Amino acid sequence: QVQLVESGGGVVQAGGSLRLSCAASGIIFDIYAMGWYRQVPGKQRELVASITRFHATNYADFVKGRFTISRDNAKKTVYLQMASLKPEDTAVYYCKLGTTDYWGQGTQVTVSS
């Protein structure tokens with residue numbers, strides 16, 4: 001079955017960096033776009049970045065210039081490199097398989113001031 005497993009979250013000081021990974025299984029990974037989303041309690045999940053099967057990328061304005069999404073089709077993995085982190089980036093980060101309803105379990109990112 002389809003599985004998406006995120007890793008790489010943690011606690012980091014403001015200005016620091018983290019790299020999130022999302023490993024997929026049970027799918028032909030390279031035909032799908034992938035997205036990273038985030039959610040804080042009481043708010044809707046929001047798109048952070050996405051990458052197409054052709055490696056075209058799209059970013060939310062609030063992460064442009066700080067975050068980079070990439071993918072390794074051979075490893076069936078999508079990454080989110082996060083730099084210059086801010087306390088307002090604190091959230092649970094999820095990866096999503098294209099336009100399907102398949103989500104990972106989420107990984108917590110906490111940025112301390």
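Does Arg66 count as buried or exposed, and at what relative accessibility? In this predicted model, Arg66 has a relative accessibility of 12% and therefore counts as buried, the cut-off for that class being under 20%. The residue lies in the loop that links strand 6 (57–59) to strand 7, and its side chain reaches the backbone oxygen of Phe62 at 2.8 Å. When neighbours within four places in sequence are left aside, Arg66 is in contact with Gln81, Met82, Ala83, Ser84, Leu85, Lys86 and Asp89.

Strand 7 and strand 8 (residues 77–82) run antiparallel and are joined by six bridges, with Phe67 standing opposite Met82 of strand 8.

Met82 also belongs to the largest nonpolar core, which holds 28 residues and in which Trp36, Leu80, Met82 and Tyr93 touch the most other members. At least two residues of this core come from each of strand 3 (18–25), strand 4 (34–39), strand 5 (46–51), strand 7, strand 8, strand 9 (91–97) and strand 10 (107–112). With residues up to four places away in sequence not counted, Met82 touches Gly16, Ser17, Leu18, Leu20, Arg66, Phe67, Tyr93 and Val109.

Terms used
Residues are numbered from 1 along each chain as its sequence is written. This is a predicted model: local features need pLDDT of at least 70, side-chain atom pairs count only at pLDDT 80 or more; totals for chains, interfaces and linings use all residues. Side-chain values use heavy atoms; hydrogens and water are left out. Two strands pair if DSSP finds at least two bridges between them. Helices (H or I, at least four residues) and strands (E, at least two) are DSSP runs, numbered from the N terminus. A nonpolar core is a set of buried Ala, Val, Leu, Ile, Met, Phe, Trp, Tyr and Cys residues joined through side-chain atoms within 4.5 Å. Buried means under 20% relative accessible area, exposed over 50%, partly exposed in between (1.4 Å probe, protein chains only). Contact means heavy atoms within 4.5 Å. A polar contact is a pair of N or O atoms within 3.5 Å; within protein, one must be able to donate a hydrogen and the other to accept it, and residues adjacent in sequence count only if both atoms are side-chain atoms.
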